[in-house]
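Try each task before reading its solution.

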Amino acid sequence: MTPGSSVSSLLGSLELAQFDAKALDRFDLSAAGFWRSFSVVLLSVPVYLLVLYLINTAAFRYQKVPQSYEIELIAYMTKWTVFVCLMLPITKLLDAGDRFYRVITVYNWCNPLARAFFLPAYAACAAGLASLDTLKTLIALSYLICGIYLGYVLRVTLKSSYGAVIAILLLDFFLERATRAYFITWIAG
């Protein structure tokens, strides 16, 4: 299997979930590999839409307002783009500018798996197997698992301090909420 191919990169993302740093050998960490890593959107968006569908199914079950697929998808794609743009100066600030391609390439390929960590929680709720309080606990657990996974990905690709990794994860988390809030406000207003 050719390192940097889609299958190799997805296998690498699974191996990183097992905390195997040798998985980095499965990715094309060049500038060309960086640009190709954005093709993972073809896999990431369907996973995101499935999570969103389950969120909306759960929302109907508990008489909550469902989320707009259009707004959520636009916010998701915008957040992804803004995150990449922000990571360029952040890597330079961390004296890791030479690792920018590596960080983004691997982070992109790991995105679908990171999103998939939320599927069991929302599926259980959508199927009526979990109460709203249980759903909140499962979502918190999903965030924890996702954060540990993406934190490890950032740690092995960026080779920076745990503080920097946590700050980047928080940036990613709040950036997603800010872009969603912006588009909801913009469309409504």
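Predicted model: local features only at pLDDT ≥ 70, side-chain atom pairs only at ≥ 80, totals over all residues.

**Exercise 1. Describe the largest pocket: its volume and its lining.**

Step 1. Take the volume. The largest pocket holds about 870 Å³ of space.
Step 2. List the lining. It comprises 36 residues, with Phe118, Tyr122, Tyr143, Glu176 and Arg177 nearest the centre.
Step 3. Sort the lining by type. There are 23 nonpolar, four polar and nine charged residues.
Step 4. Trace the lining to helices. H3, H4, H5, H7 and H8 each give at least two residues.

**Exercise 2. Decide whether Asp172 is buried or exposed, and find its partners.**

Step 1. Locate Asp172: helix H8.
Step 2. Check its accessibility. The relative accessible area is 8%, under the 20% cut-off, so Asp172 is buried.
Step 3. Look beyond neighbours within four places in sequence. Asp172 then contacts Lys79, Phe83 and Tyr107.
Step 4. Pick out a polar contact. The side chains of Asp172 and Tyr107 make one at 2.5 Å.

**Exercise 3. Classify the ring pairs that Phe34 makes with Trp35 and Phe38.**

Step 1. Start from the total: 16 aromatic pairs in the structure.
Step 2. Take Phe34 and Trp35. Their centres are 4.8 Å apart and their planes meet at 80 degrees, so this pair is edge-to-face.
Step 3. Take Phe34 and Phe38. At 5.2 Å and 85 degrees, this pair is edge-to-face.
Step 4. Phe34 is buried at 4%, Phe38 is partly exposed at 26%, and Trp35 is exposed at 60%.
Step 5. Ring pairs join Phe34, Trp35, Phe38, Phe100 and Tyr101 in a cluster.

Conventions: Residues numbered from 1 in each chain as written. Heavy atoms only, no water. 1 Å grid on protein atoms, 1.4 Å probe; cavity = no way out; pocket = protein on both sides within 12 Å on 5 of 7 lines; lining within 4 Å. Points joined across faces, edges and corners; volume = space filled by probe spheres on them. Helix = DSSP H or I, 4+ residues; strand = E, 2+ residues; numbered from the N terminus. Nonpolar A, V, L, I, M, F, W, Y, C, P; charged D, E, K, R; others polar. Buried < 20%, exposed > 50% of the residue type's maximum accessible area, 1.4 Å probe, protein only. Polar contact = N/O pair within 3.5 Å; in protein donor to acceptor, adjacent residues only side chain to side chain. Contact = heavy atoms within 4.5 Å. Phe/Tyr/Trp six-rings, centres within 6.5 Å; stacked < 30°, edge-to-face > 60°.
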